[in-house]
Structures are given as structure tokens and as C-alpha cells.
Amino acid sequence: SEKGLKDYYSDYFPIGVAVSPRALQGESGELILKQFNSMTPENVMKMGPIHPEENRYNWEYADQVADFAVEHNLKLRGHALCWHNQAGDWIFKDENGDQVSKEVLLQRLKDHITTVVQRYKGKIYAWDVVNEAISDKEDEFLRDSPWYQICGEDFIIKAFEYAHEADPDLKLFYNDYSAVHPIKRDKIYKLVKMIQDAGVPIHGVGIQGHFSIYEPTEQELRDAIEKYASLGVEVQITELDVSVYHKEHSRRDPLPKDEDDAFKPEQEQKQIEQYDMLFRVFRDYKDTLTGVTFWNISDRYSWLDNFPVRGRKNYPLLFNEELQPKKAYYKVIEFKE
Ligand code: G3I
């Protein structure tokens with residue numbers, strides 16, 4: 001058929017995909033253009049890759065993604081301005097290798113955010129400003145990262161402030177995983193409220209959506225979307241995939257390794273049902289959800305192939321290793337037939 005996901009969902013929300021510059025070429029590039037109308041760079045705009053040294057930015061790959069989006073008229077989400085992972089070795093340390101002060105770190109954060117946001121002004125419509133700042137430990141609010149150790153909670157509020165100053169037209173998101181898990185959901189709610197109470201703009205919550213064939217439940221998903229919407233912000237699904245192995249929200253509880261890692265018929269059946277449920281709920285919330293983005297294009301390559309078991313193949317997406325639509329794909333567009 002001539003139509004792609006983006007066309008079936010044109011009355012609902014943009015359908016996005018996480019990309020590397022290499023994926024923009026050849027047949028995967030064609031698949032992107034047919035199926036998706038939004039993109040997120042999987043790695044190349046993160047702090048480490050784009051800003052590897054204090055006085056050096058690496059624009060080459062990030063520009064390739066931005067240029068492709070502009071040329072082909074896809075929406076572009078920026079990912080991510082402030083994260084504890086892939087942050088660049090230099091950022092937390094001075095020239096002697098000692099930890100920098102709060103003042104220095106906030107100044108570096110400001111320089112980074114201002115430079116990167118301004119470069120892609122008018123090309124990127126929304127940024128994940130702060131990514132994964134919440135702790136997975138039940139009795140801990142914020143993650144014990146170098147950002148938190150050095151700045152306390154201020155780095156979060158400041159990041160939003162700097163991003164808004166750099167481009168007042170931007171949609172600013174807080175983005176996290178396990179965001180439909182009730183305990184983490186309530187902490188994210190609390191954090192967004194804290195930012196709002198500080199008088200700093202925040203426009204959306206990104207539910208990453210690293211789901212599995214076992215979770216979340218429909219009720220958990222609905223409750224989370226409604227809870228975030230009650231803050232008056234947009235909600236997006238920013239990193240959707242449906243792992244065929246992981247059992248629990250934490251993603252730290254993978255099923256034991258099978259004898260082989262072929263895609264089993266019973267896993268496929270569960271995945272079809274899970275994708276069906278997810279998109280049914282997403283459609284129900286089309287006034288709240290302003291985007292649904294898949295984390296990678298097809299089962300040919302997914303970050304889950306290595307997580308948490310090195311080398312184990314996963315099958316989390318709607319296109320197979322030959323880039324052909326899977327049964328779950330047809331389920332997700334069935335409502336339009
Ligand atoms: O670029 C280097 C390359 O120079 C080096 O030779 C190679 C050797 O391992 O590593 C390459 O870097 C890898 C990078 O992906 C690019 O491929 C890193 O090792 C690897 O850790 C990194 O993984 C990324 C991961 O974030 C890092 O935490 C995944 O691709 C990316 O899909 C994943 O995305 C995250 C989101 O940003 C935030 N939410 C969770 C999501 C999944 O973990």
C-alpha cells in the first residue's frame with residue numbers, strides 16, 4: 001500500500017522514530033519517509049556525542065539528522081539536553097580531575113543548552129530538556145547522579161529555564177522510563193509540579209514507553225496519561241518498543257535466556273495484543289498525546305538487542321529484520337480499514 005503509519009494516524013498524532021545518521025540512507029531511509037513524520041536522534045544530540053570537550057562541539061552527525069528532517073518535512077524532537085548518561089567525561093570535572101562546583105557546573109549546563117538549542121532553533125520543535133532524573137529506588141525522589149550530587153534539584157529547574165531563554169518557542173519536556181509505574185509516575189508528577197511552582201515553563205511529559213509483552217496494563221497506562229494531563233501539560237510517548245523478554249517495569253527483571261533467541265509464535269501473539277491495546281489507548285487520548293515515537297525503526301537493529309543480555313536478539317518493533325511490516329503493524333492500522 002502507498003500509505004504508512006503517519007497517514008493512518010494523521011487525525012491523531014505524529015508518528016516518530018529514533019534514528020542514527022546512517023539509517024537515513026538506502027532502504028531504511030525510504031522506510032522512514034513512507035512510515036513516519038517525526039524523528040528523534042537516537043544518540044547524536046546527546047551531550048557527550050555533540051559536546052565531547054568543553055570548547056568543542058561535534059555538529060556533523062546532528063546536522064545530518066536535522067537537515068534530513070528539514071528537507072523531508074518531518075517534525076524533529078531534540079534528545080536530550082541534560083542526562084547523567086552519555087554526558088561527556090569532562091563536564092563534571094576541572095583540569096585536575098576534581099569535581100567542579102555547583103556554580104561552574106550550572107554555567108557549563110547553561111553554555112551547553114544555549115549553544116545547542118540555538119543552533120537548531122526553528123528546526124527542532126521540542127526538546128527532552130531533562131532525561132531520567134528520577135530515582136528507581138522506592139524511598140528516593142531524585143537519582144543520585146553527579147548532577148544531583150553537585151547541584152541538588154536546582155539543575156533541573158535551571159535546565160528548563162536555560163532552554164526557554166534560548167528558544168521561547170520550544171516545547172520543553174521532562175522524559176523518563178517506567179513512567180506509567182505508579183510509584184515513579186507519582187514522583188514524575190511531583191517533579192513537574194515543582195518546576196511549575198518555581199514559575200519555570202514545562203510543556204510536556206515524555207513517557208518513554210520501553211514496554212514489553214507483559215506490561216504495562218491498560219489501566220496503568222490510562223492512569224498515567226490522565227495524571228500527567230491533569231498538570232495541564234502535553235504527553236508524548238517518546239521511545240516506544242515492546243520487548244519480548246522483559247517482565248517488569250524496572251527492565252531489570254528480564255526473563256531467563258531461552259535456549260535460542262528466535263521470535264516465538266506465542267511471543268508474537270502477545271506482542272500483537274500488546275500493540276493493539278497500546279494504540280487503542282493512545283487513540284483514546286488523542287487530545288492529550290501530541291506524539292508517539294518508536295525507539296528504532298525495525299527489528300534489524302534495536303538497542304534492546306544488547307540490553308540487558310549482551311548479544312541477545314530482541315524483536316520489539318513493528319517492522320521485521322527485512323524491514324517488512326509485522327502482524328502487529330497490521331493490527332495497529334486495522335481501525336482504519
Ligand atoms: O559511538 C560509540 C562508538 O564510538 C564505539 O566504538 C562503540 C563501542 O561500544 O560505542 C558507541 O557508542 C554506543 C552508542 O550507543 C552509539 O551506538 C554506546 O556504547 C552505547 O552505550 C549507546 O547506547 C545508547 C544508550 O541510549 C546509552 O545509554 C543506545 O544506542 C540508545 O538507544 C539508548 O537510548 C536511551 C535513550 O537515550 C534514553 N532512554 C533509554 C534509551 C534506551 O536505553
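How many bridges join strand β8 (residues 234–243) to β9? Three bridges join them, and the two strands run parallel. This is a predicted model, in which local features need pLDDT of at least 70 and side-chain atom pairs count only at pLDDT 80 or more, while totals for chains, interfaces and linings use all residues. Residues are numbered from 1 along each chain as its sequence is written.

**View 1. Strand β9 and its partners.** Strands (E, at least two residues) and helices (H or I, at least four) are DSSP runs numbered from the N terminus, and two strands pair if DSSP finds at least two bridges between them. Valine 235 has leucine 289 of β9 as its bridge partner.

**View 2. Burial of strand β9.** Six of the six residues of β9 (residues 289–294) are buried, so the strand is largely enclosed by the rest of the structure. A residue is buried if 20 or more other C-beta atoms, placed from the backbone, lie within 10 Å of its own.

**View 3. The largest nonpolar core.** This core (buried Ala, Val, Leu, Ile, Met, Phe, Trp, Tyr and Cys residues joined through C-beta atoms within 7 Å) has 90 residues. Its largest share, seven residues, comes from helix α7 (residues 154–166). Among the residues with the most contacts inside the core are Trp127 and Ala163.

View 4. Around the ligand (C-beta atom, placed from the backbone, within 6 Å) are residues including Glu42, Asn131 and Trp303.

Notes:
A residue is buried if 20 or more other C-beta atoms lie within 10 Å of its own, exposed if 12 or fewer, and partly exposed in between; C-beta atoms are placed from the backbone.
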